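Trainee: I am new to this structure. Can we go through it step by step?

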Amino acid sequence: MSVRNVTRPTLTVFRPTAKQGTAAVIIAPGGGFLGLEMEKEGWDMARWFAAHGITAFVLKYRTLATPGDQKVFVHQLDLMVHGQKAAFAVPSDTPPEALADGIAALRYVRAHAADYAIDTKRVGFMGFSAGGFLSRSVVEKGGSDMPDFVAPIYPNMGPMVVPSDAPPMFVAIAADDFLLARTKGLPLIENYRDAGRSVEFHMYSSGGHGFGIGPSGSPEQGWPELMLQWLRTRGLIGGTP
């Protein structure tokens, strides 16, 4: 299920269905900031984390205005995809409204940590596609509100100004993702390394853009398990942070 023209942000909690740990993750779906892929890149991921003992929050953040009529929207989207003049365009970076919603979500989860039995120092942020752009932005511009770990999945791989206290980052993308053609090399990874910050990077042989949790039998199948192992090795789940 996807939604458009979001003007009121919401945060939906998925409580653990397995033995609960003290970590939490905010999940931002993608959609080019024109809409949100709520199920494939939100609820499915949240259910997976909940089944592994991690409290998950799906963020429905504000999107840019698009035509209300679905047929008109699809027509304009087709024009945009083919490089023709359209009524809207995908922004090059995170819009301020989406960034504000991401930071507000981090503040809310930490302020209500006791209600959800989570540790304020184990609150992460992850997102897919445009949600991955937002994930980068809450680190780059979040200041004292930045997450304790971050996981942009098939995000903007372009340059990033990495804060000196940037949290550990986990990145996954497919080698045939169109976003890789927009920049030379892997500036996001290089900038994180140059700043001396921890980053784990997985590039899959294929999968295109938008593989979500990873279809069965695909090269990217199982990447969530790798992220879970990464969280363990970083001390973000289990043991002492």
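**Loops, helices and pockets**

Mentor: Start with one glycine: G32 has a relative accessibility of 17%, so it counts as buried, the cut-off being under 20%. Keep in mind throughout that this is a predicted model.

Trainee: Where is the place of G32?

Mentor: Look at the strands on either side. One is β3 (24–28), and the other is β4 (35–37). G32 sits in the loop between β3 and β4.

Trainee: Leaving aside neighbours within four places in sequence, which residues is G32 in contact with?

Mentor: Contact here needs heavy atoms within 4.5 Å. F133 is 101 residues from G32 in sequence, with 9.4 Å between their C-alpha atoms. The contacts of G32 beyond four places in sequence are V90, P91 and A130.

Trainee: Which residues lie closest to the centre of the largest pocket?

Mentor: This pocket holds about 690 Å³ of space. Its lining has 29 residues, and G32 is among those closest to the centre.

Trainee: Which element gives the most to the lining of the largest pocket?

Mentor: Several elements supply at least two lining residues each, including β1 (2–4), α1 (39–51) and α5 (130–140). α2 (70–81) also belongs to that group. With 5 residues, the top contributor is α2.

Trainee: What is the phi of Y154, which is not a glycine?

Mentor: Y154 lies in the loop between β7 (149–153) and β8 (169–174). It counts as buried because its relative accessibility is 0%. Its phi is positive, about 35 degrees.

Trainee: Now the helices. Which elements do the buried residues of α1 pack against?

Mentor: The buried residues of α1 are E41, G42, M45, A46, W48, F49 and A50. After the helix comes G53, with a positive phi near 80 degrees. The packing partners of α1 are β2 (10–14), β3, β4, β5 (55–60), β6 and α7.

Trainee: Which residues have the most contacts inside the largest nonpolar core?

Mentor: That core has 71 residues. M126 is one of its best connected members, and it touches M45 and F49, among others. The residues with the most contacts in the core are F49, M126, I153 and W223.

Trainee: Which residues lie nearest the centre of the second largest pocket?

Mentor: This pocket has about 160 Å³ of space. It is lined by 13 residues, of which 4 are nonpolar, 6 polar and 3 charged. Nearest its centre are G21, H52, G53, I54 and I237.

Trainee: Which elements do the buried residues of α6 pack against?

Mentor: Helix α6 covers residues 187–194, and its buried residues are P187, L188, I189 and Y192. Just after the helix, G196 takes a positive phi of about 75 degrees. The buried side of the answer is α5, β7, β8 and β9.

Trainee: Which residue's side chain is joined to that of H202 by a polar contact?

Mentor: H202 is in strand β9. It is buried because its relative accessible area is 18%, under the 20% limit. Among the residues it touches beyond four places in sequence are F170 and L226. The polar contact is 2.8 Å, and the partner is E200.

Trainee: Which backbone oxygen does the side chain of S218 reach?

Mentor: S218 is in the loop between β9 (199–204) and α7 (223–233). S218 is buried because its relative accessible area is 18%, under the 20% limit. At 2.6 Å, its side chain reaches the backbone oxygen of P215.

Terms used:
Residues numbered from 1 in each chain as written. Predicted model: local features only at pLDDT ≥ 70, side-chain atom pairs only at ≥ 80, totals over all residues. Heavy atoms only, no water. Helix = DSSP H or I, 4+ residues; strand = E, 2+ residues; numbered from the N terminus. Buried < 20%, exposed > 50% of the residue type's maximum accessible area, 1.4 Å probe, protein only. Polar contact = N/O pair within 3.5 Å; in protein donor to acceptor, adjacent residues only side chain to side chain. Core = buried A, V, L, I, M, F, W, Y, C linked by side-chain atoms within 4.5 Å. 1 Å grid on protein atoms, 1.4 Å probe; cavity = no way out; pocket = protein on both sides within 12 Å on 5 of 7 lines; lining within 4 Å. Points joined across faces, edges and corners; volume = space filled by probe spheres on them. Nonpolar A, V, L, I, M, F, W, Y, C, P; charged D, E, K, R; others polar.
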